[in-house]
Amino acid sequence: MRFRLDKIAMVADMEKSFLQVGLQEDERDVTRFMWLKDCANTYVERQNIQEYRFCRVPFGVISSPFLLAATIEHHVDMYNTPIADKIMNNIYVDNLISGCASVQEALKFYSGAKYIFKEAAMNLREWISNSSSINELLPASDKTDVLQVSVLGHIWNIEDDKVAVKSSKFTVCPGKTTKRRTLMELAKIFDPIGLFSPIIISGKMFLQDLWKRNLKWDHELSTEDLSKWINISSELERVSGVFIP
């Protein structure tokens, strides 16, 4: 929500962020892994196994987001400036999501943020804004040229300056429709701001009703319940096609 408090919205991405953070040498033993020396030889034998250690923070380890966030916080805290404060309040893992009141302020923020992260050997790239002036003034090497970008699980169309939830990818699976499947389909819609609550709530109320009647997870829905669910799911499918100003 803070992303759209200003007239000019801006987003940027940190290039290979986790790999910019080195692991202390005495901590690298916990990231050991095995690899085949000859991948064509699928038979696993001792002489074909090589043991390695990660020297950088690997993507996907449960502690990796914390290590990255702690490193960024430690680095940015050394700059006692309004831009540094703005970065700390508007960064999520490796995504910088912010805004400014004017073109001049936005360009100053871009330059300041780039400098701060360059000092940590981190490259802020793929900048994009809803302001065509900003997009024209940014260096080609630093900006993305797409009209729609993903912002924390949402689709942002910079041309129309509208937001939408990502497609929930509803699939017609073979087999019976159960309480488990209705919950699975309902949970696919990521809408933390509640833009589509009037539609999603109908699905939640339907699921609540199934719970009240003590239906088992894999118990097939009755003809009446199935008819209700088909109507609800058809509405849920349409959600991703609606863009909000």
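Two strands count as paired here if DSSP finds at least two bridges between them. On that basis, the predicted model has an open sheet of four strands, laid out in the order 4-5-1-6, with antiparallel pairing. Strand 4 (91-92) and strand 6 (124-129) sit at the edges, each pairing on one side only.

Looking at the strand 4 end of things, strand 4 goes with strand 5 (residues 95-100), and the two run antiparallel over two bridges. Within this pair, Tyr 92 stands opposite Asn 95 of strand 5. Helix 2 (residues 82-89) packs on the sheet here, where it touches both strand 4 and strand 5. The direction of helix 2 makes about 125 degrees with that of strand 5.

Then there is a helix pair to consider. Helix 6 (residues 197-212) packs with helix 7 (residues 223-238) at an angle of about 155 degrees, and their axes are 9 Å apart. Angles over 145 degrees count as roughly antiparallel, and helix 6 and helix 7 are therefore roughly antiparallel to each other. Their crossing is left-handed. On the helix 6 side, the contact is made by Ile 199, Ile 200, Ser 202, Gly 203, Phe 206 and Leu 210. Helix 7 brings Asp 225, Lys 228, Trp 229, Ile 232, Glu 235 and Leu 236 to the contact.

How values were computed: Residues are numbered from 1 along each chain as its sequence is written. This is a predicted model: local features need pLDDT of at least 70, side-chain atom pairs count only at pLDDT 80 or more; totals for chains, interfaces and linings use all residues. Side-chain values use heavy atoms; hydrogens and water are left out. Axes are lines fitted to C-alpha atoms, for helices over the stretch in contact, and angles run from 0 to 180 degrees between N-to-C directions. Angles under 35 degrees count as roughly parallel, over 145 as roughly antiparallel, 65 to 115 as roughly perpendicular and the rest as oblique. A crossing is left-handed if the near helix is turned anticlockwise from the far one by less than a right angle, and right-handed if clockwise. Contact means heavy atoms within 4.5 Å.
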